[in-house]
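Please show the sequence and the structure. Some questions about the chains will follow.

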Amino acid sequence: MRRSVLCVGLTAIAALCASGIAASAAWEPVRPVEFIVPAGTGGGADQMARTIQGIVTKHNLMKQPMVVINKSGGAGGEGFLDLKTSPGNPHKIIITLSNLFTTPLATGIPFSWKDLTPVAMLALDEFVLWVNAEKPYNNVKDYVDAVKKAPAGSIKMGGTGSKQEDQIITVAIEKAVGTKFTYIPYKGGGEVAVQLVGNHIDSSVNNPIEAVAQWRGGKLRPLCVFDSKPMAYDEQVVNGKGWKDIPTCKSQGLDMEYLMLRGVFMSPKATKDQVEYYIDLFKKVRATPEWQDFMKSGAFNTTFLTGDDYAKWVEVEQKRHEVLMKEAGFLATGN
Amino acid sequence: MEEIANLFQGFSVALQPFNIMVMFVGIMLGVIIGVLPGLGGANGVAILLPLTFSMPPTSAIIMLSCIYWGALFGGAITSILFNIPGEPWSVATTFDGYPMAQQGKAGEALAAAFTSSFVGALFAVIMITLVAPLVASFALQFGPAEKFAVYFLAFCSFVGLSKEPPFKTIAAMMIGFALAAVGLDSITGQLRLTFGFTELLNGFDFLIAVIGLFGIGEILLTMEEGLSFRGGNAKINLRVVLQTWKRLPGYWVTSLRSCIIGCWMGITPAGATPASFMSYGIAKRVSKNGNNFGKGEIEGVIAPETAAHAAGTAALLPMLSLGVPGSPTAAVLLGGLLIWGLQPGPMLFTEQKEFVWGLIASMYLGNLVGLLVVLTCVPIFAAILRVPFSIIAPLILVLCAIGAYSVHSSTFDVMLMLVFGVVGYLLKKCNYPLAPLVLAIVLGDKAEEAFRQSLLGSQGSLGVFFSNTLVSTIMILGLIALFWSAIQKGYTRLRTAAA
């Protein structure tokens, strides 16, 4: 009995010391942190989460381990519901992609981003319009002309998932051009890129990281990027061309902008200290050379937002997705 | 012969002491991961991936690929000993491996399984070494229609050869398709058959169904039969390995055929699971011992194991040369490559020679190391069967529960596993075959997806499945396999009529 009292006392002292050392951050994880990925292993969000996990481990940025867990069921709904149903648990964070908006809208899963606590936007993922390099489309105009000439529905656009970001962009292109594509959903972005190389589809809107290898191999050709300005990476990728040389779609007469959120959220009812801790952690992650290499390899847009700015950005995107998906007829019945 | 020079360069990388140590550690971890049902190679590699970030990329990929080889080897162990497939691709190994163990021939079955795994892997690696670029371009020809044709062939070569009444086979298969349909419909993005239960968002995971149907179902059956665990009289010494080896060359036709099936399925990429089923089905049909299949025929262990391992190895080729993973584990490895700053794709072979050939050399060495490790352990594994059932059964139950939990870290899955156990027991009692059910759960949604993608592309015309030589050939092969017994009967009748 006396020994256990002693133990408790010692632990208390140790805890006091620990909190004294970490005076800069008022709260710290006391258990392993679960980093939830609402998508399958090997995809874009998964790669980012595992890179972060590797950086955190390598640079000892956290005293507790970080564990990446994939909860991909129901287009990520499984992962979001897991966070929603564990309010006040600061040891759970989630990395999001656009399914933060699209999944509840398309499937009717009872969930909204407002159920969670926003932490930080880590980066934005770009979308690029790709075609097979053997095809005679050298710019957006060639492509659009060919699409307009072909009978409606005969041009095949491949993408990741159904009623998600790739298909939203496809519908926007349809509207801008005034035609109809046949959209074919695949499981992953890498598969889409390979299907495009094999000429099983006519074009895709892959993220840079998914298609860069095929671009370098001379199999695919990027036509334009769905961003307001060209990407910031001027290193040569292939034949003297770099990401920076890809024009924006808007400048080429295809008026559509779309960027995908790569951000982090916490469980509901997180305290300010807890949010601050994670913001601080991700700031440290962003400063490492490994992170910068990762950003470069995927030609990410490195916008970093926290607090109210981040929440406002998400709010605007939520509204925009509602409109886009309503126009496309992607809303679940009963919404 | 630039490849050979490159390969020797690769060996000199792989043979560095640190890399050899990494290889042993990887194989050991992999075997453990493969033995635990549910944990699986993909999860195992994903969990251990961050550990490798501080290593040089070549050592890191050697370690991870060795975990992968280890898991491929390890999956066979529990299939043979307890009828619980540790990995999806070892389901077909249970069909004959477990009866062999029951007859006291566990050592033989294990030795045959490990050796044929090695043969399959070796065949695939040699293929990768010699014809990598050629094969990569073959994989590019596979669009949705071709993929569906491959799944169709896998179903056809498996269906119709079961000895159970055809209606029971069809019934079991339809249950499998129904279970596979639950969850998110990937074509329309709608939820199907979830009835508002959020637990069902993910559908019925194949692994949980298999752990329940086979593992728990088997324990229930054994309990009914009076807690006797047959096979306790297994011979336990290393001689059994040598004796098995003496018999194996006699099955070279089966091995070669399984190697080819495996490589093909790994590259296309359909994966190791359909490869093992297809190889088992075809072996059963063409072997002169075909009637003994399912009763403990060693050929029934060789065929699926060779094909699974060949496919598992060949699956790395499309990953390296195209950046498209041929298996879930390869998908995780792909993520690893990107994190180490390596860009998989057509340029990898020219830009990162040391890495690629180091990896290929490590495939040779890793599989050799793996074979040595698991073969020396055969007596130990076989000895597990001597432990009384009353002790081993609770252990298996715990193992199954952990396995089911670890698939999605969900307690609901553990309950589901128990339900599947009861279902498996009832189906067995009523003589419904489990294999078609399992096959339909594994390949059902993939086949459906490929089918609907093809029809989207062809705007609804079924002609897409006969639109080019490749796809028509596969489809016709499938139809021949499906109606083989009818064709055979008709042929014999024609001959007797002519005579």
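This is a predicted model: local features need pLDDT of at least 70, side-chain atom pairs count only at pLDDT 80 or more; totals for chains, interfaces and linings use all residues.

Residues are numbered from 1 along each chain as its sequence is written, and chains are lettered from A in the order in which they are written.

Q: How many helices and strands does chain A have?
A: Helices (H or I, at least four residues) and strands (E, at least two) are DSSP runs, numbered from the N terminus. On that basis chain A has 11 helices and 13 strands.

Q: What is the radius of gyration of chain A?
A: The radius is taken over C-alpha atoms, and the globule rule is 2.2 Å times the number of residues to the power 0.38. For 335 residues a compact globule would come near 20 Å, and the value for chain A agrees with this. That value is 22 Å.

Q: How many of the 15 residues of helix 2 of chain A are buried?
A: A residue is buried if 20 or more other C-beta atoms lie within 10 Å of its own, exposed if 12 or fewer, and partly exposed in between, with C-beta atoms placed from the backbone. Helix 2 of chain A is largely enclosed by the rest of the structure, because its buried residues number 13 of 15.

Q: Is A:N89 buried or partly exposed?
A: A:N89 lies in the loop between helix 3 (77-84) and strand 3 (92-96) of chain A. Because 17 other C-beta atoms are within 10 Å, A:N89 is partly exposed.

Q: Which element gives the largest share of the side of chain A that touches chain B?
A: Two residues are in contact if their C-beta atoms, placed from the backbone, lie within 7 Å. By this rule 46 residues of chain A are in contact with 44 residues of chain B. Elements of chain A that give two or more residues to this side include helix 3, strand 7 (182-186) and helix 10 (289-297). The largest share, 8 residues, comes from helix 2 of chain A.

Q: Which residues have the most contacts inside the largest nonpolar core?
A: A nonpolar core is a set of buried Ala, Val, Leu, Ile, Met, Phe, Trp, Tyr and Cys residues joined through C-beta atoms within 7 Å. The largest has 261 residues, and those with the most contacts inside it are B:I80 and B:L110.
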